[in-house]
Amino acid sequence: MQPKTKIFSAVLSACCLFPYQLASAAEDYREGINMPVGVTEISRSTYDLHMLITIICALIGVVVYGVLIWSLVKYRKSKGAKAADFHESTTIEIVWTLIPILILVAMAIPSTGVLRQIYDASESEMDILITGYQWRWQYSYLDDEGEEVSFFSNLATTDDQINGLDEKSENYLLEVDQPLVIPVDTKVRFLLTAADVIHSWWVPDFAVKKDAIPGFINESWVIVEETGTYRGQCTELCGQDHGFMPVVVEVVEQEEFDRWYAERQEEAAAIAELVNQEWTMESLVAQGETVYRTFCMACHQQNGQGLPPAFPALTGSPLTNGPIEDHIDVVLNGAPGTAMAAFGGQLNEVDLAAVITYERNALGNSVGDMVTPAEIFQIQSESE
Ligand code: HEC
Ligand SMILES: [Cu+2]
């Protein structure tokens, strides 16, 4: 081969190999910088689409910059190049309009197919309502029969880890007390909404990232093909603890799911029973501490000092030390227009009675009165 031909064939083969090199490099770095392939058909299609478009864009880049650099070198002034001085070339204008249009249309065809699939939430075998709260997720299984299963999923990472006093765990800020549990190989439809501000429910391995908007219901769906634990986050800036409301989904075999679901139904029935149990001040305060740490501490702080002026102190506050009716009212109905949410719909009667009794008899307060779960139940059913 002539030296010139040799160089030419080397360049040509490098160009042809380029997409493969890019793809295999992407494979290597997938865990690190690329998006995950995931565990659903949609996530795989999304990944393939992403790779295809990236490669097309990279090739366009190579061609455009190739021509540009080649022209700069070949027609440089020191070589005595003279600029052409023609005006308007209809042919060139048509060519450089048509080629991008054709490329865009070629890219739109596979994308439209995947988008149509993503939006087809029909014929689901199970429906789950996901509600975003500042700053936790609520999962409600929409079941026509039997005891309703609904619970909150809270961050499980300890404060000491967050404050750097303890070593950070493997799933730091990506762990919750109660994960969402769904069966494998089942079409699960998610209905997403929010109770306060806009949140967004995101699990990269499912290729699901959907806004949860107050007053709207958005839809999404999955058929997860592999059992396992999948993690994600709220991906809409939603306030102070936006980075502290992770998503954890446990995908299990159908029998395991049925067992878990039956247990949750029994628990719901047990709570109904707990409401009518005899409660003492001590047992309520003990229970209330856990509730307070999970639901109230973010704003009112561990010791009840709050963060004035935004978040009032509960220690020594006229409200927590005044008539208990007013205290109950704030906790059940919130303070409209402030960050103080209505906890009446978020906590069960036992937890509500416990946290109110706790606030009156701990955190430096010692009012000495209490409210029972049955009384809370009474108040809530009267206001309905
Ligand atoms: C997102 C932040 C936030 C969280 C979480 C929160 N609160 Fe509040 N809370 C507030 C704010 C803000 C106010 C002040 C409302 C106002 O201006 O009337 C408030 C006021 C109160 C008051 C009245 C205090 C007073 O002296 O006026 C009580 C009682 C109270 N909260 C109890 C609770 C309980 C119980 C929980 C947990 C179940 C809780 N709060 C969780 C933000 C929060
Ligand atoms: Cu959020």
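A: Start with one pair of residues: Y230 stands opposite V249 in β10. This is a predicted model, where local features need pLDDT of at least 70, side-chain atom pairs count only at pLDDT 80 or more, and totals for chains, interfaces and linings use all residues. Residues are numbered from 1 along each chain as its sequence is written, while chains are lettered from A and ligands numbered from 1 in the order in which they are written.

Strands here are DSSP runs (E, at least two residues), and helices are runs of H or I of at least four; both are numbered from the N terminus. Two strands pair if DSSP finds at least two bridges between them.

Strand β9 (residues 228-234) and strand β10 (residues 247-252) run antiparallel, joined by 5 bridges. G232 has V247 in β10 as its bridge partner. Strand β6 (residues 199-203) also runs antiparallel to β9, with 2 bridges between them. There, W201 is partnered by C234 in β9.

Now the whole sheet. It is open, has 5 strands and mixed pairing, and its order is β4-β10-β9-β6-β7. At the edges lie β4 (180-183) and β7 (208-212), each pairing on one side only. From one strand to the next, the twist averages 25 degrees.

Helix α5 (residues 254-275) packs on this sheet and touches β4 and β10. Contact means C-beta atoms, placed from the backbone, within 7 Å. The direction of α5 makes about 135 degrees with that of β4. Such angles run from 0 to 180 degrees between N-to-C directions, with axes fitted to C-alpha atoms, for helices over the stretch in contact.

Key:
Contact = placed C-beta atoms within 7 Å.
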